[in-house]
Amino acid sequence: MENFSEWYSEILEKAEIYDVRYPIKGCGVYLPYGFKIRRYTFDILRRLLEEKGHEEVLFPLLIPEDLLAKEGEHIKGFENEVFWVTHGGKKPLEIKLALRPTSETPIYYMMKLWIKVHKDLPIKIFQIVNTFRYETKHTRPLIRLREIMTFKEAHTAHTTMEEAENQVKEAIEIYREFFNELGIPVIVSRRPEWDKFPGAEYTVAFDTVFPDGRVIQIGTVHNLGQNFSRTFDLEFETLEGGKDYVYQTCYGISDRAIASIIAIHGDEKGLILPPNVAPIQVIIIPLLFKGKKEIVYDKTRKLYSLLKEAGVRVKIDDRDIRPGRKFNDWELRGVPVRIEVGPKDIENKVVTIYRRDTGEKYHVGEDKIMDEILDLLEKIKDNMRKKAKEKIERYITIVDYNADIPIEEIACRVKETLKEKKGIVLIPYSEKVYREDFEEKIEASILGITEYRGEKYITVGRTY
Ligand SMILES: Nc1ncnc2c1ncn2[C@@H]1O[C@H](COS(=O)(=O)NC(=O)[C@@H](N)CS)[C@@H](O)[C@H]1O
């Protein structure tokens with residue numbers, strides 16, 4: 001994993017997930033296999049959001065300049081990242097139009113038309129769209145894009161701050177469940193004041209650590225308070241007949257969820273996909289020997305129909321190439337389970353199973369194959385989550401200190417630890433450490449404040 005970024009780029013290409021050769025920097029193409037992984041992944045997120053009463057909507061891509069600039073903090077945070085449309089055909093536009101970097105402003109403009117009285121609330125909507133940010137730090141496929149092609153943004157509006165606070169908690173639970181489904185371990189920190197979302201009261205962020213020890217933010221939940229509703233005049237008539245501005249939240253996840261599945265679960269052979277997002281869950285490889293082809297094909301087709309009927313995403317690889325080539329191909333693509341069907345096994349009434357996550361290969365009685373496969377898909381998901389959690393634990397280091405040593409000394413110790421251990425360093429919370437200028441001392445970012453094993457810590461790390 002010392003050359004993680006090479007490994008990562010190679011996988012995207014060899015497993016035919018994503019093609020970076022698009023002629024615009026920070027833009028790429030989801031290939032069919034990658035597109036299916038993306039679809040299964042975000043269908044899980046859709047389900048979790050809808051189970052908690054969120055409705056999916058779809059907003060236009062273009063935002064008029066004056067609308068984007070309406071909320072001061074927000075435009076200040078995004079003005080260097082916005083792509084602009086200035087012409088319609090050959091004609092210059094009177095008002096230039098922004099490609100949405102995120103959709104607070106168009107959505108809250110429309111909420112003004114939708115919100116009148118108490119019963120119009122709460123609003124809980126989300127969309128999964130492409131957004132655009134003119135990233136100046138160097139771009140990376142699925143990690144730092146200029147066209148963020150899978151940007152799930154949720155926006156909610158409530159009658160009270162307390163309800164908005166509860167919504168933040170619900171969003172955090174949904175995100176925990178989502179990353180749990182993907183087997184991706186996360187550290188949840190409240191971001192420092194100086195690094196919160198432009199226009200938010202506060203930001204809670206989900207970080208994970210890639211095999212190279214770099215920290216990556218893979219989800220964020222923002223409590224917007226009334227900052228946008230005052231600017232957008234989102235007033236409603238309260239139950240008591242008075243007036244108040246709504247209390248809002250928003251929360252986002254992007255293609256980085258796909259990057260995390262690849263980075264965190266992969267190994268030197270290639271992808272390892274959690275079964276619930278694997279386009280192919282079981283690949284069946286017929287082992288063909290002279291004179292025995294028919295009985296092998298017959299058994300293969302029977303197994304295929306059995307699994308298909310049980311709702312398993314199964315495929316037969318009957319290409320005319322050596323089995324070893326086939327094994328490598330599907331291991332590279334991270335197919336969770338392989339079944340080998342050969343004449344000897346058929347005679348002995350067994351089937352050979354290979355599981356991609358542990359590399360184990362074993363026989364199971366052909367009458368038990370269905371239960372075994374369904375049980376195995378669950379076991380693989382749990383095992384992958386456990387293995388990923390163990391991996392990230394190795395990237396979490398606590399640096400303790402007694403309160404009277406000078407800040408320089410603490411910074412130096414944290415810097416050394418980060419250089420040596422990489423990942424995330426936890427420092428017991430103290431006011432004198434929790435300052436923006438501590439970041440340049442340790443040459444890393446303060447990710448925020450987190451609770452770890454019941455204690456309050458400052459989290460720091462080198463981020464993507
Ligand atoms: N250039 C980028 N490429 C890929 N993902 C990105 C990029 N910029 C941000 N993200 C991801 O998108 C998530 C949401 O972005 S954000 O700015 O933090 N929050 C918002 O835009 C809010 N409107 C909530 S949707 C981030 O947590 C990060 O995981």
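I began with helix 9 and helix 12, whose crossing is right-handed. The model I am reading is a predicted one. Helix 9 covers residues 293-309 and helix 12 covers residues 369-393. I looked up their axes, which come within 11 Å and cross at roughly 50 degrees. Helix 9 and helix 12 are therefore oblique to each other. Next I listed who touches whom. Helix 9 brings Leu303, Leu306 and Leu307, and helix 12 answers with Ile369, Met370 and Ile373. I sorted the contact of helix 9 with helix 12 by class and got six nonpolar residues, with no polar and no charged ones.

**Entry: helix 1 and helix 8**

I moved to helix 1, residues 4-14, and helix 8, residues 256-265. Their axes lie 11 Å apart and the packing angle is about 115 degrees. That angle falls in the range of 65 to 115 degrees, so helix 1 and helix 8 are roughly perpendicular to each other. Helix 1 passes helix 8 in a right-handed crossing. On the helix 1 side I noted Phe4, Trp7, Tyr8, Ile11 and Leu12. On the helix 8 side I noted Ala259, Ile262 and Ala263. The class count for the contact of helix 1 with helix 8 is eight nonpolar, no polar and no charged.

**Entry: helix 2 and helix 6**

I then checked helix 2 (residues 32-51) against helix 6 (residues 161-181). The two pack at about 150 degrees, with axes 10 Å apart. Angles over 145 degrees count as roughly antiparallel, which means helix 2 is roughly antiparallel to helix 6. The crossing of helix 2 past helix 6 is right-handed. Helix 2 makes the contact through Thr41, Ile44, Leu45, Arg47, Leu48 and Leu49. Helix 6 supplies Ile174, Glu177, Phe178 and Glu181. Which classes make up this contact of helix 2 with helix 6? I found six nonpolar residues, one polar and three charged.

**Entry: domains**

I wrote down the domain bounds next. Domain 1 runs over 4-265, domain 2 over 282-377 and domain 3 over 396-461. How far apart are the centres of domain 1 and domain 2? Taken over C-alpha atoms, 41 Å separate them. I then looked at the contact between domain 1 and domain 2. Five residues of domain 1 touch four residues of domain 2. Domain 1 and domain 2 bury about 480 Å² between them. Carbon and sulfur atoms account for 56% of that area.

**Entry: backbone**

I kept the backbone for last. Most residues other than glycine have a negative phi, and most peptide bonds are trans. I noted one exception of each kind.

Where does Glu16 lie? I placed Glu16 in the loop between helix 1 and strand 1 (18-19). Phi of Glu16 is near 55 degrees, a positive value in a residue other than glycine.

Is the peptide bond from Leu121 to Pro122 cis or trans? I read this bond as cis, with omega near 0 degrees. Pro122 sits in the loop between helix 5 (104-114) and strand 7 (123-132).

Technical notes: Residues are numbered from 1 along each chain as its sequence is written. This is a predicted model: local features need pLDDT of at least 70, side-chain atom pairs count only at pLDDT 80 or more; totals for chains, interfaces and linings use all residues. Side-chain values use heavy atoms; hydrogens and water are left out. Axes are lines fitted to C-alpha atoms, for helices over the stretch in contact, and angles run from 0 to 180 degrees between N-to-C directions. Helices (H or I, at least four residues) and strands (E, at least two) are DSSP runs, numbered from the N terminus. Angles under 35 degrees count as roughly parallel, over 145 as roughly antiparallel, 65 to 115 as roughly perpendicular and the rest as oblique. A crossing is left-handed if the near helix is turned anticlockwise from the far one by less than a right angle, and right-handed if clockwise. Contact means heavy atoms within 4.5 Å. Ala, Val, Leu, Ile, Met, Phe, Trp, Tyr, Cys and Pro count as nonpolar, Asp, Glu, Lys and Arg as charged, and the others, Gly among them, as polar. Domain bounds come from an automatic or database domain assignment. Buried area is the accessible area (1.4 Å probe) that two parts lose on being put together, summed over both.
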